[in-house]
Amino acid sequence: MTTRIAVLALASGFVLPQVGEAQTRVIPQIGLYVPANSFGEVSDGGFDGAIELGKKESTRAYGLGLEWGGGGFLGFRGNLAYATSSDVPISGVGCGVCSSRSTMMALTGGVVVRPLRLLFIEPYVIGALGVKRYDFSRSQIGEVFLDDRNVRTYQLGVGGELDLGPISGLVEISDYVSERAIQIPGERRQHDFIVSFGIGFGN
């Protein structure tokens, strides 16, 4: 019994410091939002009501991440990304030159994998799942209604982290992949890229 207690205490001594070293960090980010697709065609069911929504313009993006276990090979991150309002060009019957403004917001949670360390730089990859929302400033154009839309999204990202002592600097590129917010025959994926710079606080 005494031997078992001694072994258990020794094992606890190894485990507890590792748990205590697990990092919990807050990561504010700022960058550029770059959509890769147009939104597609919207119709009220009749030919006269068909309009086409073009590709949303690039705009500023902000993000906030909360990461657990960032000091090891595998970490877990919750992330909020927001792309500020920019124009969506609209064309079609009954709308010669029109536009709406749209924002994009994504809330995701997933894993961060750090396979190796190169001197002071630590590359990593992100895989996460969540929801993406598009908000439109104009709800009606002619006879067509534009509804705000929520779609499931996958976040696929790569980045690099520079160790600066009490803080760290991050450069990251993420693609928020989802089903098309507005379905188009032959095109099933919507890609929204965010290139960002961040600072990691905490340990």
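**Buried charges and cores in a predicted model**

Colleague: Which side chain does K132 join in a polar contact?
Modeller: In this predicted model, a polar contact of 2.7 Å links the K132 side chain to another side chain. K132 is found in strand β7 and counts as buried, at 0% relative accessibility. The partner in that 2.7 Å contact is D192.

Colleague: Is E67, which meets R25 in a salt bridge, buried or exposed?
Modeller: The R25–E67 bridge has an N to O distance of 3.4 Å. R25 lies in strand β1 and E67 in strand β4, so the pair ties together parts 42 residues apart in sequence. R25 is buried at 3% relative accessible area. With a relative accessible area of 0%, E67 is buried.

Colleague: How many residues apart are R77 and E172?
Modeller: R77 and E172 form a salt bridge, with their closest N and O atoms 3.0 Å apart. R77 counts as buried at 6% relative accessibility, and E172 is buried at 3% relative accessible area. The bridge links strand β5, which holds R77, to strand β11, which holds E172; the separation is 95 residues.

Colleague: Which element gives the most residues to the largest nonpolar core?
Modeller: That core has 16 residues, and those with the most contacts inside it include Y33, M104 and I194. Elements giving two or more residues are β3, β5, β6 and β7. The most, four residues, come from β5.

Terms used: Residues numbered from 1 in each chain as written. Predicted model: local features only at pLDDT ≥ 70, side-chain atom pairs only at ≥ 80, totals over all residues. Heavy atoms only, no water. Core = buried A, V, L, I, M, F, W, Y, C linked by side-chain atoms within 4.5 Å. Buried < 20%, exposed > 50% of the residue type's maximum accessible area, 1.4 Å probe, protein only. Polar contact = N/O pair within 3.5 Å; in protein donor to acceptor, adjacent residues only side chain to side chain. Salt bridge = Lys/Arg side-chain N within 4 Å of Asp/Glu carboxyl O.
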